[in-house]
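This report describes a protein model for a reader who is new to structural analysis. The sequence and the structure are shown first, and the description follows.

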Amino acid sequence: MQGARKAAPHPYRSAIGKHMDEIRIIVFTLEIIGVAAFAVSGVLVAVAAELDLLGGIMLGAITSVGGGVLRDILLGALPPAMFTDPRYVAAAVGVSLATYLVALGMGERFFQRMERLVRFINLLDAIGLGIFATVGVDAAIGAGYGDNAFLAVFVGTVTGVGGGIMRDQLVVRVPMVLQKRVYILAAVAGALSYYIMIQVSVLQPAALCLSTALVVTIRLLAAHYRWNLPRTRRAAPDDGQNPPAKE
């Protein structure tokens with residue numbers, strides 16, 4: 001009696017499986033790039049605040065994976081990915097350590113170039129924000145919430161800004177997302193654009209790249225042209241040095 005022949009895999013299903021594997025690789029690559037970008041920006045903030053080596057590594061790592069932890073908690077994906085896949089934390093710690101050692105080696109020259117580094121921080125922050133905002137929406141859709149636009153966009157926005165809020169709180173300053181350069185609106189724009197493109201069947205890799213590019217563009221333009229939302233300001237107190245006006 002001859003053994004039963006194995007059924008050949010359906011060519012369409014094989015193609016779908018291969019496509020999904022490619023998508024996972026793209027998403028993971030973008031996540032690692034985002035982790036690295038946020039880690040560098042977190043360490044630069046730590047160095048400016050004169051934190052020590054451990055403080056710099058912690059701030060870089062929290063900036064990198066903090067938003068992802070909040071995303072996973074919102075989606076009920078417990079424990080969060082940083083505890084089940086060590087590659088994220090390893091990348092965050094490695095990049096943070098390397099960045100801090102470079103700053104340590106440069107010494108005073110690093111602080112002298114801080115003004116130039118602000119532009120670099122803004123660029124890295126924009127890249128990390130764009131990647132995590134879109135990947136956050138992708139995670140929400142993958143978790144079965146593709147029909148809930150508000151939840152998907154909210155999760156994407158929180159993924160993008162969560163780590164930065166934690167970073168700013170740890171160095172005791174008002175989170176940048178609440179006061180400068182239309183930060184949170186850029187995250188919302190990227191998350192919403194990705195959600196819409198997926199709903200109208202734009203290819204996922206293209207949607208990821210276009211949405212990320214939109215966030216980066218908005219952030220860089222906002223930094224260059226100093227776009228800010230309206231806010232109230234207190235009048236400067238009268239210190240008595242200015243003489244009263246003559247009547």
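A residue counts as exposed when its relative accessible area is over 50%, as buried when that area is under 20%, and as partly exposed in between. By this rule F150 is exposed, because its relative accessible area is 65%. F154, with 39% relative accessibility, is partly exposed.

**Overall architecture**

The model is predicted. The protein contains nine helices and zero strands, and 41% of its 247 residues count as buried. Among contacts between residues at least 6 apart in sequence, 75% join residues at least 24 apart. The accessible surface comes to about 14,700 Å², and 64% of this area belongs to carbon and sulfur atoms.

**Confidence**

The mean pLDDT of the protein is 84, and 86% of the residues reach 70 or more. Among the elements, helix 2 (residues 53-75) has the highest mean pLDDT, 95, while helix 1 has the lowest, 75. Over residues 3-17 the pLDDT is below 50, and this stretch has one contact in the model beyond near neighbours in sequence. Where pLDDT is low, the predicted coordinates should not be read in detail.

**Aromatic pairs**

How many aromatic pairs does the structure hold? There are four aromatic pairs. One of them joins F28 and Y88, whose ring centres are 5.8 Å apart; their planes stand at 70°, so the pair is edge-to-face. F28 belongs to helix 1 (residues 11-48) and Y88 to helix 4 (residues 86-106), so this pair ties together parts that are 60 residues apart in sequence. F28 is partly exposed at a relative accessible area of 24%, whereas Y88 is buried at 14%.

F150 and F154 form a pair with ring centres 6.0 Å apart and planes at 25°, so the pair is stacked. These two residues are four residues apart in helix 7 (residues 149-170), which separates them by about one helical turn.

Helix 4 also holds T99. This residue is buried, with 15% relative accessibility. Not counting residues up to four places away in sequence, T99 touches V40, V43 and L44.

**Salt bridges**

Side chains of opposite charge can pair when their charged atoms come close.

| Salt bridge | N to O distance |
|---|---|
| R71 and D72 | 3.0 Å |
| R87 and D85 | 2.7 Å |
| R167 and D125 | 3.4 Å |

The salt bridge of R167 with D125 links distant parts of the chain: R167 lies in helix 7 and D125 in helix 6 (residues 114-145), 42 residues apart. R167 is buried, with a relative accessible area of 2%, and D125 is buried at 2% relative accessibility. Salt bridges that share partners join D125, R167, D168 and R173 into one network.

**A nonpolar surface patch**

Which residues make the nonpolar surface patch of about 570 Å²? The patch is made by I184, L185, V188, L192, I196, V200 and L229. Among them, L185 is found in helix 8 (residues 183-199) and is partly exposed, with a relative accessible area of 43%.

**Backbone details**

Most residues other than glycine have a negative phi, and most peptide bonds are trans. Where is a cis peptide bond found? A cis peptide bond joins L78 and P79, with omega at about -5°. P79 lies in the loop between helix 2 and helix 3 (81-84).

V172, a residue other than glycine, has a positive phi near 55°. V172 is located in the loop between helix 7 and helix 8 and is exposed, with a relative accessible area of 73%. R226 is not a glycine either, and its phi is positive at about 55°. R226 lies in the segment after helix 9 (204-225), and this residue is exposed, with a relative accessible area of 59%.

Conventions. Residues numbered from 1 in each chain as written. Predicted model: local features only at pLDDT ≥ 70, side-chain atom pairs only at ≥ 80, totals over all residues. Heavy atoms only, no water. Buried < 20%, exposed > 50% of the residue type's maximum accessible area, 1.4 Å probe, protein only. Contact = heavy atoms within 4.5 Å. Areas by Shrake-Rupley, 256 points an atom, 1.4 Å probe, with all protein chains shown as cover. Phe/Tyr/Trp six-rings, centres within 6.5 Å; stacked < 30°, edge-to-face > 60°. Patch = residues over 30% accessible without salt bridge, like charges linked within 9 Å, V, L, I, M, F, W, Y side chains within 5 Å. Salt bridge = Lys/Arg side-chain N within 4 Å of Asp/Glu carboxyl O. pLDDT = per-residue confidence, 0-100.
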